Amino acid sequence: MATTDWNPVLRTELGQPYFAGLRAFVDEERRHHQVFPPSDDVFAALHLTPFAAVKVLILGQDPYHGPGQAHGLCFSVRPGIDVPPSLRNIHAEMESDLGVPQPDHGNLEAWARQGVLLLNATLTVRAHEAASHQRRGWETFTDEVIRAVAAKTERVVFILWGSSARRKKALVDTSRHVVIESPHPSPLSAHRGFLGSRPFSRANAALVAAGRDPVDWRIPSLHERP
């Protein structure tokens with residue numbers, strides 16, 4: 001992991017025996033299979049969102065396992081990649097909740113750069129094999145990331161979509177932080193309570209109530225210049 005302000009926070013974890021075993025497993029997988037995301041993007045969420053800047057944490061499960069999709073931010077794909085169904089529902093809810101237009105791409109880096117940590121519970125996956133790198137050690141590492149964020153003194157909003165993410169609520173001190181949870185945005189479950197849950201406006205209300213700046217959830221379209 002390249003040097004960021006996460007390094008001192010996670011230094012003990014990076015030195016644990018399980019993490020060495022995890023790295024060896026991923027290296028072996030890359031020798032024999034296609035693995036996503038590329039090695040340079042595995043820790044992209046931590047590179048783009050410094051520990052000191054985190055004010056919202058959105059938790060996904062696995063990286064996308066199709067070619068060109070995963071780039072280290074949960075639910076996000078780079079411009080030029082078809083927007084996956086779960087992200088289309090996230091865009092739809094954002095439009096319904098905030099009245100902002102849906103973007104013409106699926107890149108969520110604009111959120112990451114504002115302090116939204118887009119963390120997957122598992123940070124790698126074998127191509128076309130969902131859940132193939134689960135229970136190999138990534139969850140131990142990302143649970144520690146969640147604990148570190150939950151130890152921050154300033155309020156953080158944790159957005160947990162789906163049963164797997166919602167189980168992580170146990171890691172969060174809800175007396176200091178705010179948890180927003182709902183069914184997953186997947187087409188299989190979005191209509192069971194994700195759509196209409198208004199996570200974006202609720203997150204901003206919680207931040208503002210704690211004296212923190214809200215997130216500008218609007219995602220610039222490709223034709224817009226920064």
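Tutor: From the N terminus on, the elements run α-α-β-α-β-α-α-β-β-α-β-α-β-α. That comes to eight helices and six strands in this predicted model. The radius of gyration is 17 Å, close to the 17 Å that the globule rule gives for 226 residues, so the protein is as compact as a globular protein of that length. Along the principal axes, the C-alpha atoms fill a box of roughly 45 × 40 × 35 Å.

Now the pair. Helix α2 covers residues 17-32, and helix α6 covers residues 138-150. Their axes come within 9 Å and cross at roughly 125°. The class oblique takes the angles left over by the others: under 35 degrees is roughly parallel, over 145 roughly antiparallel, and 65 to 115 roughly perpendicular. That makes α2 oblique to α6.

Which residues meet? From α2 come Tyr18, Phe19, Leu22 and Val26. From α6 come Trp138, Thr140 and Phe141. By class, this contact has six nonpolar residues, one polar residue and no charged residues.

Back to the whole chain. Take the contacts between residues at least 6 apart in sequence: 68% of them join residues at least 24 apart. Of the 226 residues, 52% count as buried. The protein exposes about 10500 Å². Carbon and sulfur atoms supply 49% of that area.

How values were computed:
Residues are numbered from 1 along each chain as its sequence is written. This is a predicted model: local features need pLDDT of at least 70, side-chain atom pairs count only at pLDDT 80 or more; totals for chains, interfaces and linings use all residues. Side-chain values use heavy atoms; hydrogens and water are left out. Axes are lines fitted to C-alpha atoms, for helices over the stretch in contact, and angles run from 0 to 180 degrees between N-to-C directions. Helices (H or I, at least four residues) and strands (E, at least two) are DSSP runs, numbered from the N terminus. Contact means heavy atoms within 4.5 Å. Ala, Val, Leu, Ile, Met, Phe, Trp, Tyr, Cys and Pro count as nonpolar, Asp, Glu, Lys and Arg as charged, and the others, Gly among them, as polar. The radius of gyration is taken over C-alpha atoms; the globule rule is 2.2 Å times the number of residues to the power 0.38. Buried means under 20% relative accessible area, exposed over 50%, partly exposed in between (1.4 Å probe, protein chains only). Accessible areas come from the Shrake-Rupley method with a 1.4 Å probe; for residues, only the protein chains shown count as cover.
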